[in-house]
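Colleague: I'm new to this one, could you walk me through it?
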Amino acid sequence: MTQPDTQLDEMEFENVQIDRHGPIAVLTVNRPRALNALNAETLGEISAAVDMIVEDAEIGALIITGGGDRAFVAGADIAEFKSLDGVYAGRELSLAGQDVMHQIATLPIPVIAAINGFALGGGLELALACDIRVASTHAKMGLPEVTLGLLPGFGGTQRLARLIGAGRALDMMLTARQVEAAEAFGMGLVNYVADDALSKSREVAEQILKNAPIALSLVKEAVRRGLDTTLEAGLEVEADLFGLLVATKDFGEGVDAFLNKRKADFQGE
């Protein structure tokens, strides 16, 4: 593994830390005394950090994790809820959280959640906005908002149902129960379970980055756009993006490398 690069550390954050390991950026939500809860300031810092990362052409993958050894993100910061004074304030909070999750979900680079502990409420919603989820063996996940008289407001009702099906999603949300890593893996909520979620996430990222970067980006786009439409329309999207990839230099390089039994040298062109 390459040593961390400090290039992305030039901007100071209070609750977020960015480290770089070659082409892999690691964004750590770092409020361990609050179990990394998402207050408004932290959401804003995540958004700004993600903007920094995506603007760096050398970064090919992003891992999001939590600081400390207890939590990925244990939820939204409930203390801030006391200031909500009506329908408008509640809706605006939900939309603000959704905007950050959408920003992550639509990044052109692969995003992996290294779930190193509790991922509850907004924390699980953050993980659901990522492309791949890796859970530590001691991780626990849930959407317990109904215990506060709320529903998941940062995209959880929509992303969880799309990922694991309406029945399983409703079971988790209506009971407010937490699921452990093994059960989460069985229902398809997480892709991998490992003793060290961050180490496994780096391994997955390295495997991904062996492939053509434009193809990786358009695979994400095809799946995202296809989920929002009919199968017929989704197939049209797939064909369009396939055609765009045939026109790239990476396509020619990939075919030539395959035929000549050598490792491809993709340039993202």
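Predicted model: local features only at pLDDT ≥ 70, side-chain atom pairs only at ≥ 80, totals over all residues.

Colleague: OK, inside first: which residues touch the most other members of the largest nonpolar core?

Modeller: They are I104, I115, M141 and L189, in a core of 50 residues. A nonpolar core here is a set of buried Ala, Val, Leu, Ile, Met, Phe, Trp, Tyr and Cys residues joined through side-chain atoms within 4.5 Å, and buried means under 20% relative accessible area, with exposed over 50% and partly exposed in between (1.4 Å probe, protein chains only).

Colleague: And which helix gives the most to this core?

Modeller: Helix α1, residues 40–55, gives the most, with six residues. Helices (H or I, at least four residues) and strands (E, at least two) are DSSP runs, numbered from the N terminus. There is also a second, separate core of 13 residues, which includes I24, A114, V134 and I208.

Colleague: What is I115 in contact with, leaving aside its neighbours within four places in sequence?

Modeller: The partners of I115 are F72, A127, R133, V134, A135, S136, A139, M141, V190 and A197, where contact means heavy atoms within 4.5 Å.

Colleague: Switching to α5, which of its residues are buried?

Modeller: In α5, which spans residues 166–175, the buried ones are A169, M172 and M173. They sit on the same side of α5, because they cover an arc of only 90 degrees around the axis, the arc being that of the directions from the helix axis to the C-beta atoms. G167 and L174 are exposed on the other side of α5.

Colleague: What do the buried ones pack against?

Modeller: The buried residues of α5 pack against α3, β9 (140–142), α4 (156–164) and β10 (179–180). The helix is followed by A176, which has a positive phi near 65 degrees.

Colleague: New topic: how many salt bridges are there in the whole structure?

Modeller: A search finds ten, counting a side-chain nitrogen of Lys or Arg within 4 Å of a carboxyl oxygen of Asp or Glu. In one of them, K220 meets D131 at 2.9 Å, N to O. That pair links distant parts of the chain, 89 residues apart, with K220 in helix α8 (residues 213–227) and D131 in the loop between α3 (122–128) and β8 (132–136).

Colleague: Is K220 buried or exposed?

Modeller: K220 counts as buried, because its relative accessibility is 12%, whereas D131, at 30%, counts as partly exposed.

Colleague: Which side chain meets R262 at 2.7 Å?

Modeller: E253 does, in a salt bridge with that N to O distance, and R262 also meets D256 at 2.7 Å. E253 is buried at 17% relative accessible area, while R262 is partly exposed at 36%.

Colleague: Last one, the surface: which residues form the nonpolar patch?

Modeller: F242, V246, F251, V255, F258 and L259 form it, with about 650 Å² of accessible area together. Patches are made of residues with over 30% relative accessible area and no salt bridge, joining like charges within 9 Å and nonpolar side chains (Val, Leu, Ile, Met, Phe, Trp, Tyr) within 5 Å; accessible areas come from the Shrake-Rupley method with a 1.4 Å probe, and for residues only the protein chains shown count as cover. Helix α10 gives the most to the nonpolar patch, with four residues.

How values were computed. Residues numbered from 1 in each chain as written. Heavy atoms only, no water.
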